[in-house]
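Reader: I'd like to learn how to read helix packing and sheet order in a model like this one. Please take me through it feature by feature.

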Amino acid sequence: MKKRLSGKRIIITGAVNNIGKAAVQAFIEEGAKVVIGDIDVERGESVAAEFGPNVLFIPVDVTLEHSVAGFIETGVAWLGGLDVLAQNAGLMASGRITEMDSEQFDKLFAVNVRGLFFGAKYAVPHLRKSGRGSIINTASLAGKRGRPGLTIYSASKGAVIAFGTTLALELAVDNIRVNTICPGWVDTAFNDPIVDLMGGRAEQEATVAASVPLGRQGQPAEIAPLFVFLASDESSYVNAQALLADGGAFNS
Ligand SMILES: NC(=O)c1ccc[n+]([C@@H]2O[C@H](COP(=O)([O-])OP(=O)(O)OC[C@H]3O[C@@H](n4cnc5c(N)ncnc54)[C@H](O)[C@@H]3O)[C@@H](O)[C@H]2O)c1
């Protein structure tokens with residue numbers, strides 16, 4: 001049986017831990033060839049070795065234009081073209097507004113927002129050639145509705161949503177779709193800063209139990225199928241969307 005991503009050439013950032021790694025695993029299982037980029041070089045090399053010949057790790061710092069430009073160029077050369085760009089690299093910081101400093105603000109926006117601009121800028125010419133390109137950006141439930149202590153992070157993820165819905169309007173003429181994935185609580189160490197601010201793991205679990213209709217956090221493997229769907233031609237009429245995978249939290 002033909003796999004859902006047979007022949008798809010995919011580049012993904014933030015790809016070597018948790019949600020990104022789960023997405024890569026799902027991409028491979030569905031027959032794609034994948035370039036994985038991350039700032040975490042040690043993990044990147046071990047994850048690439050784990051996944052085998054259809055995966056290449058290329059180090060990238062998404063905050064630096066020359067790094068992203070070189071990453072895309074080398075990745076596209078290895079893949080022989082590009083059908084999908086998934087931008088999952090992200091950073092979290094939390095704190096009350098009076099306690100946040102400008103370095104934290106700049107770093108959050110550099111990773112979460114500036115990086116998307118560079119990725120799209122250098123990938124779009126290649127996606128145009130594909131004739132059926134897809135850009136997938138990872139935002140967050142926090143980009144739609146935040147919580148105390150997450151103002152700067154939420155602002156950055158709100159920007160990710162606006163970036164994607166607007167870029168989709170510009171690229172539709174090239175049949176490049178742009179969609180955004182908005183996970184809710186996913187059980188990874190990424191959330192440690194906000195969990196600390198909430199008072200610890202027990203307080204976080206109590207908040208999740210009270211605010212998520214499904215009553216639990218999600219797992220990275222429960223977000224990965226959204227990446228596969230948006231990368232595949234099954235989503236050929238899904239465009240300019242910000243899709244929640246949040247256990248129902250947004251509507252609770
Ligand atoms: N875990 C959650 O509850 C949750 C919820 C909503 C959204 N998200 C988003 O999902 C994505 C992945 O989150 P995760 O939980 O898997 O966290 P994670 O920390 O495991 O993944 C983030 C990845 O981005 C990489 N990265 C950070 N800075 C980078 C840079 N400058 N250049 C290149 N790579 C860089 C990290 O090394 C890491 O591999 C993030 O964008 C995050 O904002 C996570």
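Author: Helices (H or I, at least four residues) and strands (E, at least two) are DSSP runs numbered from the N terminus. This is a predicted model, in which local features need pLDDT of at least 70 and side-chain atom pairs count only at pLDDT 80 or more, while totals for chains, interfaces and linings use all residues. Residues are numbered from 1 along each chain as its sequence is written.

Reader: At what angle do H1 and H8 pack, and how far apart are their axes?

Author: Two packed helices are described by the angle between their axes and the distance between the axes. Here H1 (residues 18-29) and H8 (residues 220-231) pack at about 50°, with axes 8 Å apart. The pair is therefore oblique: under 35 degrees counts as roughly parallel, over 145 as roughly antiparallel, 65 to 115 as roughly perpendicular and the rest as oblique. Axes are lines fitted to C-alpha atoms, for helices over the stretch in contact, and angles run from 0 to 180 degrees between N-to-C directions.

Reader: Which residues of H1 and H8 meet?

Author: From H1, they include Ala22, Ala23 and Phe27, and from H8, Ile223, Phe227 and Val228 are among them (contact means C-beta atoms, placed from the backbone, within 7 Å). By class, this contact has 13 nonpolar, two polar and no charged residues. Ala, Val, Leu, Ile, Met, Phe, Trp, Tyr, Cys and Pro count as nonpolar, Asp, Glu, Lys and Arg as charged, and the others, Gly among them, as polar.

Reader: Which helix gives the largest share of the shell around the ligand?

Author: That is H1 again, with three residues. The shell's classes are twelve nonpolar, twelve polar and three charged residues.

Reader: In what order do the strands of the sheet lie?

Author: Strands of a sheet pair through backbone hydrogen bonds, either parallel or antiparallel. In this model, seven strands make an open sheet ordered S3-S2-S1-S4-S5-S6-S7, with parallel pairing (strands pair if DSSP finds at least two bridges between them). S3 (55-59) and S7 (242-245) are the edge strands, each pairing on one side only. From one strand to the next, the twist averages 20°. Between S2 (residues 33-38) and S3 there are five bridges in the parallel sense, and Val35 stands opposite Leu56 in S3.

Reader: Which strands does H5 touch?

Author: H5 (residues 151-171) packs on the sheet against S5 (134-138), S6 (177-183) and S7, and its direction makes about 165° with that of S6.

Reader: How do the axes of H4 and H5 cross?

Author: The axes of H4 (residues 102-130) and H5 come within 9 Å and cross at roughly 15°, so these helices are roughly parallel to each other. Their crossing is right-handed. Contact residues include Phe105, Leu108 and Phe109 of H4, with Tyr153, Val160 and Phe163 of H5 among their partners' side. The classes are 14 nonpolar, three polar and one charged.

Reader: At what angle do H3 and H4 cross?

Author: H3 (residues 65-79) and H4 cross at roughly 35°, their axes coming within 9 Å. H3 passes H4 in a right-handed crossing. Among the contact residues are Val68, Ile72 and Val76 of H3, and Gly115, Phe118 and Tyr122 of H4. This contact has seven nonpolar, three polar and one charged residues.

Terms used: Two residues are in contact if their C-beta atoms, placed from the backbone, lie within 7 Å. A crossing is left-handed if the near helix is turned anticlockwise from the far one by less than a right angle, and right-handed if clockwise.
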